[in-house]
Amino acid sequence: MSERLNNDFQFVEVDRKGPVKIAAAVRKQQFAEIYEPFQQKQASEQAHRCLECGNPYCEWKCPVHNYIPNWLKLVSEGNIIKAAELSHQTNSLPEVCGRVCPQDRLCEGACTLNDEFGAVTIGSVEKHITDTAFAMGWRPDMSKVPETYKR
Amino acid sequence: MKLVSRPGVGTIACGVAKAYADLITISGYDGGTAASPLTSVHYAGSPWELGLADAHQSLRGNHLRGKVRLQTDGGLKTGLDVVKAAILGAESFGFGTMPMVAVGCKYLRICHLNNCATGVATQNDQLRENHYRGTVEMVKNYFRFVAEETRQWMASVGVRSMEELVGRVDLLEVIEGSTAKHGKLNLQPLLSDAGIPAEMPQTCQVGHNDPYDLADLNTKMLELAEQAIADKSGGEYELTITNCDRSVGARTSGAIAKAHGNLGMQDKPVRFNFTGHAGQSFGVWNAGGQELYLQGDANDYVGKGMAGGKIVIRQPETVEYASNETTIIGNTCLYGATGGTLYAAGCAGERFAVRNSGVHAVIEGAGDHCCEYMTGGLVTVLGQVGCNFGAGMTGGFAYVLDMDNTFVDKYNHELVEIHRVAPQHMEEYKNHLRSVIMGYIDATDSAWATHIVENFDDYIGRFWLVKPKAASLGALLNHMRSRPE
């Protein structure tokens with residue numbers, strides 16, 4: 001693993017930068033992703049911009065109160081599996097929320113950095129966590145979930 | 001004096017008032033906790049209401065309330081808070097969090113990282129220039145509304161001035177409580193006057209809580225040296241000292257630091273030669289450029305917080321006892337000292353050089369806990385030390401003469417390790433130690449140290465070098481030279 005990021009001023013020195021958008025002409029031909037996925041390095045850099053505010057406004061604004069600063073920190077440290085575990089504690093479909101949530105009005109809208117620095121790319125990182133964890137073979141732990149016979 | 005609101009704070013407040021504090025702050029656990037760890041936020045302190053009532057009643061009961069101002073803080077936000085605090089006994093009110101919020105604080109709780117995104121709690125120029133939005137008017141505005149609300153509440157209870165309001169516990173009523181348990185809380189002790197007659201003052205009656213000790217010697221020292229300090233010319237003065245003279249040298253140190261900075265007069269020092277027995281805190285906050293020579297002995301806290309300069313203490317020429325067997329300075333010397341030199345020809349008490357971060361000291365024996373929490377500097381002990389040497393020591397190093405081979409059992413093994421100074425590869429340290437003792441002899445004429453140097457080959461094998469485990473042996477001396485405080 002590369003060196004762990006440790007820069008208190010990451011939010012000043014690194015700008016908010018989401019993943020690359022796929023051209024509309026391409027997207028017109030297919031029913032697929034709008035954005036290219038994050039690379040590990042980029043996800044870590046963006047996640048490390050989080051200030052870890054004492055009162056996380058993002059977490060408070062999120063309807064399911066995701067532990068956003070905590071898994072952003074895990075991603076910046078490269079600990080995807082732990083991040084996925086944590087992300088699934090509050091949300092059963094984080095990869096879907098990462099794609100379809102109106103982050104600009106919720107977590108990213110509430111982000112301390114949103115006003116003057118550009119919010120942390122919370123949605124893209126959320127997507128990145130579960131996608132990467134799935135690709136690594138991780139699956140949510142269902143052993144403790146009781147069967148309800150309702151699906 | 002700021003006191004944490006907790007059970008028993010009233011007793012502490014009385015002690016502080018007796019020690020001539022002008023203002024006591026009872027600090028509650030709410031409010032500004034920006035950089036504190038969550039464990040402290042959750043588990044430390046208690047509400048200011050409890051501590052304030054306790055302090056106010058205790059001070060009145062002990063006839064001290066009229067001598068000291070009482071302040072409270074801890075999450076005060078509105079005029080109602082001010083009125084309640086006044087009723088419980090405060091005449092001064094501390095606000096931290098709210099004025100900060102008024103100038104733009106978003107309560108990020110990262111004040112300790114210097115990267116406050118609102119530019120409030122940072123030294124970073126870019127953040128301060130581009131992202132700080134606060135103005136004085138915002139704070140003024142906030143306080144104007146607090147004052148206005150305070151007046152409204154005071155008017156509604158029929159009180160005209162703060163003076164009348166302080167201590168009026170009769171204006172508070174106990175509510176029934178929203179649950180059965182809540183209703184059963186006994187709040188009467190908070191709302192009582194503790195049986196103290198009403199004519200005892202409720203507020204501070206004096207402008208200044210004058211101490212009994214007028215610090216005559218300090219005044220005299222400043223008179224003598226005032227011109228020399230102003231001209232930066234140096235000088236030498238003879239004085240006698242008694243153990244009633246406390247904190248000797250503090251005032252002249254202050255004058256030096258004010259005129260020339262902490263270390264600005266190093267090359268032209270003023271020197272005071274004392275004879276007698278020094279009281280507590282001899283040479284406290286000693287500035288570079290002040291040298292205190294004492295023939296006699298000193299009490300506790302010699303050189304507390306000293307920043308530079310020199311303190312030399314040796315026994316009177318008339319005595320016949322051996323200096324290395326006799327105590328010459330008291331406990332907790334050099335507490336938190338940051339630089340300078342201390343030579344004391346005799347033994348020190350407990351906790352010598354606790355939190356020392358830069359002083360070079362030589363003594364001839366020490367009590368327990370020597371070099372506790374030391375982070376820098378050099379301590380040389382030419383004799384026996386007590387137990388728990390070097391507990392929590394993370395910087396600097398020490399030489400200890402161990403005549404009866406007991407040091408291994410005495411030092412605290414957690415953070416420090418010890419080496420012999422005698423072996424071949426320690427030649428550099430051997431020479432260094434010798435030069436340190438030579439410097440000590442020059443200043444004190446110690447017979448014991450002279451004996452050691454004259455028979456250096458016999459004694460060198462009995463010296464230990466104590467260093468933090470984290471420091472490398474090779475770098476110690478270089479580090480010492482690069483920071484020659």
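Residues are numbered from 1 along each chain as its sequence is written, and chains are lettered from A in the order in which they are written. Because the model is predicted, local features need pLDDT of at least 70.

**View 1. Strand 3 of chain B sits mostly under cover.** Strands here are DSSP runs of E with at least two residues, helices are runs of H or I with at least four, and both are numbered from the N terminus.

**View 2. Strand 3 of chain B pairs with strand 2 and with strand 4.** Two strands pair if DSSP finds at least two bridges between them. Strand 2 (residues 23-27) joins strand 3 in the parallel sense over 5 bridges, and Ile26(B) has Thr72(B) as its bridge partner. Strand 4 (residues 92-93) is also parallel to strand 3, over 2 bridges; here Thr72(B) is partnered by Phe93(B).

**View 3. An open sheet of 10 strands in chain B.** The strand order is 5-6-7-8-9-10-11-12-14-13, with mixed pairing. Strand 5 (235-241) and strand 13 (416-420) stand at the edges with a single partner strand each, so one side of each has no neighbour in the sheet.

**View 4. Strands 11 and 12 of chain B run parallel.** Strand 11 (residues 375-381) and strand 12 (residues 395-401) share 5 bridges. To find your place in this pair, look for Thr380(B) and its bridge partner in strand 12, Tyr399(B).

Notes
Predicted model: local features only at pLDDT ≥ 70, side-chain atom pairs only at ≥ 80, totals over all residues. Heavy atoms only, no water. Buried < 20%, exposed > 50% of the residue type's maximum accessible area, 1.4 Å probe, protein only.
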